[in-house]
Amino acid sequence: MKQVLHLQVNGEDVEVAAPPHWTLLEVLRYGLGLTGSKQGCDKGDCGACTVLVDGEPVLACCTLAAATEGSGIRTVEGLADKGGPSRVQRAFDACGALQCGFCQPGMIVSATALLERNPDPSLAEVKQALSGNLCRCTGYTKIFDAVLAAAKDRVPGMRADGSVPMAYGTPTDGFRYVGARGRKADAIGKATGSAKYTDDLTLPRMAHGRILRSPHAHARIRSIDTSRAEALPGVFAVVTGAEMPHAFCVIPWTPDEHALAVDKVRYVGDGVAAVAAVDEDTADRALALIDVDYEVLDAVLSPTEAEAPGAPLVHDRDWKDRPRQDNVCKEVELAFGDVDGALKDAAVVVDGEWHYSGSTHAAIEPHCALAEWSADGDLTLWSSTQVMHYLHRELARVLDVPEAKIRVVQPVLGGAFGGKSEPFDLEFCAAALARKAGRPVKILYTREEVFYAHRGRHPMDFRFRIAADAQGHVTAVDNDIVLDGGAYHSFGLVTTYYAGQLLPGPIRFGTYRFKSRRVYTNKPCCGPKRGHGSVQPRFPLETALDEVAEKLGLDPIEIRRRNAMRAGEHTVNGQLVPSCGVLGCLDAVEAASGWKQRHGKLPFGRGLGVATSMYISGTAYPIYPNEMPQSGVQILADRSGRLTVFTGTNDIGQGSSGAIAFVVAEETGIHPDQIRVIAGDTDLTPVDLGSYSSRVTYMAGLAAQEAGRAMRDVMVRAAAKHWDTTPSDILVLPGKYLLISDPEKQLDTAHVLRLAEALLGTPVSTGGGYRTRKLGGDYRGGTIGASPAYSATAHVAEVCVDTETGHVKVERIWAAHDCGRALNPVMVEGQIEGSVYMGMSEAVLEDQAFHLGMEKRRAMPGRDRTRGMHIGPNLLDYRIATSLDTPDIDAFVVESVDPGGPYGAKEAGEGPLHPAIPAVANAIWDAVGIRMRTMPFTPERVLAALRAGAAEVA
Amino acid sequence: MLRMPEFEVHRPSTAADAVRLRSQLPDAMYVAGGTDLLPNLKHHLHAPKHLVSLARVEGLSGILRAGDGTLRLGATTSLHAIATDEVLRAEVPGLAKAASLVAGPQHRRMGTIGGNVLLDTRCLFYNQSLPWRRALGSCLKSEGTWCHVIGSDKSCVAAQSSDTVPMLVALDASIEVTLPDGSTETIALAGLWTKDGRFERNRNLPPEALLTAVVIPPRAAGHRSTYRKVRARQAIDFPQVGVAVAAGFDGDRLSSLAVVVGAMLPHPKRLDHDDVAGRPLDDALVEHVAERAYKQVRPQPQVHGDPGWRRELARVETRRALRELLPG
């Protein structure tokens, strides 16, 4: 079957035996172990697999390997110069162009090919050359910077030998490292293709798992017969839901989901059975041999359908096994102050309906899990997860194995954005199959399965009212929200609260009321996506506020200034906001965008819009109540002068490991180059609750600060003893400790660590933790939305509307974000740019859409089987912005210095996304005088609204 | 990763061998760049037992200009080469532009002009994985019996989605093919397509025929051409609307005009319009032709985008394409 291919790969002649139906990507990854080339879509839609074949950048996933016989192949692994990474690879690292890094091997190959034929490209040429490589993290901004820096040989921080230190910029005044521009902890490995993501791992005797998925949006399973699949040669194990009967959920008291369906399937794509086989082809064949007898049920595809009288129930029983009467998953109603009175007395009221469509994370790395059991019955699970600890707990529950017998490891992770923040069927199935097969099992989602796993942004319908007095002060907000939850609970109760609880701020509300109702539907489950639950209601708030300003004749920035909260204030729903830099953010974007000279004065078709937002720096409380720290950090010193920092945080590309290294460096004086962060391994690292709700810089940062301080105390004591003085006589400087009373006397930090070990007589090891503080409003639900600190953001967007076609071109976004204190400004800017990109893309392009049923004349005779089908579960039909669609992004860092955060730091990863959508909508108003209240702002909708001459479109 | 059906790969070095292999082997298909075929194989839309790769076939690639102005584009010439060739950019600017707008940069390096001419029609109910299609009950173009787009068991409306095809039709191009009996034939491109979008029914060509070259006849004096593409993103996407125009000018008067609309129907649609000879390309004529685009093309929801909006865009983009031909 196999044939031998002769290739020259990265300058070496190789012979590789491969089946003729393999692609070049399979030959590289499976045949040659060159895992630097990534698989993101498997169909030529994303560019992550780009390699050079005879010098030409091609998509390895769509290249027939056999057709490349005799060719010269260069992969990302072959780009390095003698003696180290290439200048392009260094530039990507130093410029902060690598976040999750998963798209970057392909991106770097494309960039290298460009520079080899055009050593001095213009920015437009760079954008064009990279337009077939999708990146989901960076907003491309720092990628462009990196390519141009490499071309001009101006790589920031680069030393004569080509290397770049972890911290190369100037620290903020009064700090040793904090505020210095710098690299990320793991980035150069991503740039060179050596970083190992979950799918890059292979174990001896490893089997490949696949999951059979429901073809029906709603059906009862009468029976499953796996005997024919089990009999297929090469099949090692088959599992069904009956073997994993315990329900699970990331929220421990609302388990409504099973590893595989036990009685019903609830959306097209719901998992039904799983197989492990010798290879993927055999696993696919085995799936086709599983016979499932379904009783098809009517499906509900929208909250309207789900709440209609007599609607079929998505779940017959709730998580306490009580019969359900309806499809309402969670309902919340809260009121603060006399809303009706304020509405009655208002000078202006804006009242309307808004619709926020669903969107998904589309991280370029598909989910992947690899499971192996030891002879002692201990499970190791490698998974692309951003919540290792919660996964650990749910694995124990579903697999019926004590937590102490389970180790969860998070390898390098290729983007998450909330899409990997709870357990998924592949993790349970890989483990169950591996146990049954007696060998390691890996399951890699297809891109289509990623769309079914979903947990993306909830579609929300709003009946929204806002009232203001004659001066523009917001006196009331009243919001009635319906969330389309999809088939399962996920974080549902949190999302239901967040849709209301996170809205009051940075705009101050006089009174506030919201009703929020999450409804089950027969579609993939919605969940947390960057800005969990809170991005959607910002759309009506910030666009309605613009309408209020218009009615009152106020400038849109001015009305936001009049309503801006100040540090130390409480929101109307009782949350303390210790720091708030929204005014500084408004000042920054107003000045940079030329707002005063340009807003309202641009030619028809071009406009500016503003919007603001606020977001949590972690949730106040853990998902399951406990008295233990929410984040723990340990530091172990080595005699070499190196510190190893152990943290349970999940670096998902946002750079948490780098942030923690900077904190420990700041405390100890030890250069970040000499700090290694070990993260994401439940056997090695103390618990951190995970990378969600923008909690890591704040909470793990404080834990690292405490551990770092303890390390410094030991080091200072050791230095003091060495010089026979008191600790107060020691000054900690970058890289050295100095005797204040005799400044000629200095010790490098490595020497101090050896003194410390001698002083203690034990290994030098310290720990720190972030402990839960009492926070939140004093009412039921008052702790949801409570956070120790809140970020603030303001955007100004500039758009150009084609009035003949309806196309909205977002040309530029100025985004200022108050992150409290930037530990490493490169990373903060990267979070702002990536957030702006994701929000912009969501505003004009993205829609996680389903067929809702055909008109009668089009429907197939019999049952309409289109109902509930995803319209295009792939990266061609679900469109995320390319380098050519992304606006120029100007990121401004505002530092309000939060009193509680590490050095004043707070979140930067999610807040900066929120204003992009309403800022674009408000800019469309400024450009052409239409108010868009339905997302996304597609050309069809915009043109229809222009034609209607109306203030809105349905 | 996604699995393709198991097949053998053959790498002939001559066109004659390629045609012979394709004719003799059961369930065989040609593959050139693979950017269209491989995703379709990963979707199990075809189940070939043999692929005849054209990668090694000699003499199939390259751009030749004859003394009379005839342009001969070898079938495996890459779209990147078409887009960047100086002669083509000067003599048939609309074709170079159309090629430059295909998909993304890597697709244009891999994809060939022959492959782009023979690109399979596309539909939201067709270009999906096998499990997806099975859940749907498949469609008329794949394994099923029903077109979900128009509600019919007779006709497939999957869209002709190549960017170069409308332009080549506007240029009166033809293709050279080698037939199973070894003979070669030249076929006018405009007549290649049927009104049925199904794979083997879409072309008036035996499936074993090998496309070896695209031939563009000498252009009219004062030739100008352009192509406009509507898509949601500025890269990667297939067209939602494509409009190609080619015109001959005698001073500021038209001598000829061809307008071809793509991405709307299973075939490229050449517009019928009033005789233009001797007329200036003035507003009245532009509006006349743009209106014809709207009237003569009725798209369906077979690809992304509201069909009513796409129809409107055919008018807008025809108008814009014509205006691009005006100097200054």
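**Figure 1. Chain A as a whole, with its 24 helices and 33 strands.** Welcome to the first view of this predicted model. The C-alpha atoms of chain A fill a box of roughly 80 × 75 × 60 Å along the principal axes. How does the radius of gyration of chain A fit a compact globule of 954 residues? Such a globule would have a value near 30 Å, and chain A, at 28 Å, agrees with that. Buried residues account for 66% of the 954 residues here. If you follow the contacts in chain A with a separation of 6 or more, 78% of them are between residues 24 or more positions apart.

**Figure 2. A close look at helix H12 of chain A, residues 425–437.** This helix has 13 residues, which at 1.5 Å a residue should span 18 Å. The end C-alpha atoms of H12(A) lie 17 Å apart, in agreement with that expectation. Is H12(A) mostly covered or mostly open? It is mostly covered, with 12 of its 13 residues buried. Just past the helix, look for Gly438(A), which takes a positive phi of about 70°.

**Figure 3. Chain B as a whole, with 11 helices and 12 strands.** The C-alpha trace of chain B spans about 60 × 45 × 35 Å along its principal axes. For 328 residues, a compact globule would have a radius of gyration near 20 Å, and the 20 Å of chain B agrees. Of these 328 residues, 60% count as buried. Among contacts in chain B between residues at least 6 apart in sequence, 66% link residues at least 24 apart.

**Figure 4. The two domains of chain B and where they touch.** The domain assignment gives domain 1 as 1–58 and domain 2 as 63–118 + 159–324. Taken over C-alpha atoms, the centres of domain 1 and domain 2 of chain B are 26 Å apart. Each domain of chain B gives 13 residues to the contact. Which element makes up the largest share of the side of domain 1 that touches domain 2? That is helix H1 (residues 15–24) of chain B, with six residues. By class, this side of domain 1 holds seven nonpolar, four polar and two charged residues.

**Figure 5. Helix H10 of chain B, residues 283–296, and its buried face.** Look for the buried residues Val289(B), Ala290(B) and Ala293(B). Strand S11 (253–262) and H11 of chain B are included in what covers them.

**Figure 6. Where chain B meets chain A.** Here 49 residues of chain B are in contact with 55 residues of chain A. On the chain B side, the elements that give two or more residues are strands S1 (8–10) and S3 (50–53), together with helices H2 (37–42), H6 (105–110), H8 (130–136) and H11 (307–324). The residues of this side of chain B divide into 26 nonpolar, 13 polar and 10 charged.

Definitions and conventions: Residues are numbered from 1 along each chain as its sequence is written. Chains are lettered from A and ligands numbered from 1 in the order in which they are written. This is a predicted model: local features need pLDDT of at least 70, side-chain atom pairs count only at pLDDT 80 or more; totals for chains, interfaces and linings use all residues. Two residues are in contact if their C-beta atoms, placed from the backbone, lie within 7 Å. Helices (H or I, at least four residues) and strands (E, at least two) are DSSP runs, numbered from the N terminus. Ala, Val, Leu, Ile, Met, Phe, Trp, Tyr, Cys and Pro count as nonpolar, Asp, Glu, Lys and Arg as charged, and the others, Gly among them, as polar. Domain bounds come from an automatic or database domain assignment. The radius of gyration is taken over C-alpha atoms; the globule rule is 2.2 Å times the number of residues to the power 0.38. A residue is buried if 20 or more other C-beta atoms lie within 10 Å of its own, exposed if 12 or fewer, and partly exposed in between; C-beta atoms are placed from the backbone. The expected span of a helix is 1.5 Å times one less than its number of residues. The arc is that of the directions from the helix axis to the C-beta atoms.
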